[in-house]
Amino acid sequence: MGSTLAQLLAAAPLHIALIEARSGVPEPVRVGECSSVGDFSARTAALSPASGALLKQIGAWQLLPPSEICAYEQMQVWDADGTGSIGFEAAELSMDGDPLGWIVEHNRLEWALAQRCAKQSSLHILHGSPLCALERSGRHSSDDEAMRLELEDGSHLSARLVIAADGGRSVARRLMGIDSAVWDCQQRAIVAVVETENSHRHTAWQRFTEDGPLALLPLAGGDGHFSSVVWSVDSAVVQHLLDLDDSAFSAALALGCERCLGAVRTVGKRFSFALSQHHARDYARPGFALIGDAVRTVHPLAGQGLNLGLLDAAVLAEELLRWQRLGGTMGEIEPLLRYQRRRREHNLAMLGAMAGLQQLFSARHPLLRLVRNEGLRWVDQAPRLKRFFARRAMGV
Ligand SMILES: Cc1cc2nc3c(=O)[nH]c(=O)nc-3n(C[C@H](O)[C@H](O)[C@H](O)COP(=O)(O)OP(=O)(O)OC[C@H]3O[C@@H](n4cnc5c(N)ncnc54)[C@H](O)[C@@H]3O)c2cc1C
């Protein structure tokens, strides 16, 4: 997220340093050379059309050739415990020729962003040493006000403005003493890449089971037979699924998604993550702002975390550039508070929607089952409402 924001600000007369804890981003295997599920990374992201447009604007999209990303034209969502379902098609949502979104491996996207950053002579890139101390100093005149940063290798920097994009467990947020409201989702996500008997047909599939949502997201390559799995399951059952051998896990997965793509033939390495949502109480302080997962993390059931973070970057860049055109100084609180105001409502709505959906679909009460099945059917048959929800989710 930090590299996206740096790109958006790169043309302005600013000195920007990009600090990244890891040392460099390895180049991913080209999709054309990926012959097995093991060649793909298990961490993928569903990019919305709004995210695609932003990545085009900064030239990162152009480094992701069509053969490296998978457009999805349809989405099928259904309830394991009833007959309610809802389907979305790009054609019926007036997407101006765009698909509903694209599935891309996270490391492929990171690599494209890193390439773009490396080409910007105005960016000073510091890799391999995490931020470990941060404070605001010099309170006497605004000229002296600066953020002081220290990296683990002992180097020191100072800046008028620090923007933290250091993920859900943001060290910078903690160092600035900004609290976050946290909700444990009581679930873990199992992620893996699988090869299926039938082609994914450029469709994203999601089945809500009693234990949590199971998504199969289409990947490029493998002649349409590779998909990325995000299976969110209650913490109590996750270990059982992780302990299964590959063939038993494949069988459980095929059963879990009602064999929507036939048998699961091979499964790559499985990883699991604890799922929680959090929302920072403040997005900004004088000389400091948060973006991306550092502001909030959302349950992955709607694949929105990265999309929300890219919107944070776009809005913050817009406010900072506007402030600079008005003659303001970086680090002043006004544009940062405007950014917070513009993003908070959207973030809270998304957090609320994810928590609500998770609860609704894990409810075992017969009345709630009836309500959610009828609700799915009702929205599916109400084209305007469906179009409204879908376009909002896609940031259109
Ligand atoms: C299972 C799962 C599936 C998901 N699927 C989707 C999806 O389909 N679509 C979607 O939009 N989102 C999805 N997400 C969410 C998405 O992955 C995140 O929202 C997104 O990666 C957040 O990006 P970020 O840059 O804010 O944070 P991160 O990706 O966490 O990046 C933080 C960066 O900061 C660096 N860093 C950390 N600490 C320091 C430090 N002290 N000093 C310097 N650097 C530091 C890290 O090295 C890293 O590069 C999913 C999440 C999960 C868990």
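**Note on the ligand shell and a helix pair**

1. Domain 1 (2-22 + 111-181 + 280-380) and domain 2 (34-105 + 185-275 + 384-393) each supply residues to the shell around the ligand, so the ligand lies between them. The domain bounds come from an automatic or database domain assignment.

2. This is a predicted model: local features need pLDDT of at least 70, side-chain atom pairs count only at pLDDT 80 or more, and totals for chains, interfaces and linings use all residues. Residues are numbered from 1 along each chain as its sequence is written.

3. The ligand is surrounded by 27 residues. A residue counts as near if its C-beta atom, placed from the backbone, lies within 6 Å. G167, G292, G303, G305 and L306 are the closest. Two or more residues each come from strand 1 (16-20), strand 2 (44-47), strand 12 (180-196) and helix 7. Helices (H or I, at least four residues) and strands (E, at least two) are DSSP runs, numbered from the N terminus.

4. Which element gives the most to the shell around the ligand? Helix 7 does, with 4 residues. By class, the shell has 16 nonpolar, 7 polar and 4 charged residues. Ala, Val, Leu, Ile, Met, Phe, Trp, Tyr, Cys and Pro count as nonpolar, Asp, Glu, Lys and Arg as charged, and the others, Gly among them, as polar.

5. Helix 7 (residues 305-325) also packs with helix 1 (residues 2-9), at an angle of about 30 degrees and with axes 9 Å apart. Axes are lines fitted to C-alpha atoms, for helices over the stretch in contact; angles run from 0 to 180 degrees between N-to-C directions. The two helices, helix 1 and helix 7, are therefore roughly parallel (angles under 35 degrees).

Terms used: Parallel < 35°, antiparallel > 145°, perpendicular 65-115°, else oblique.
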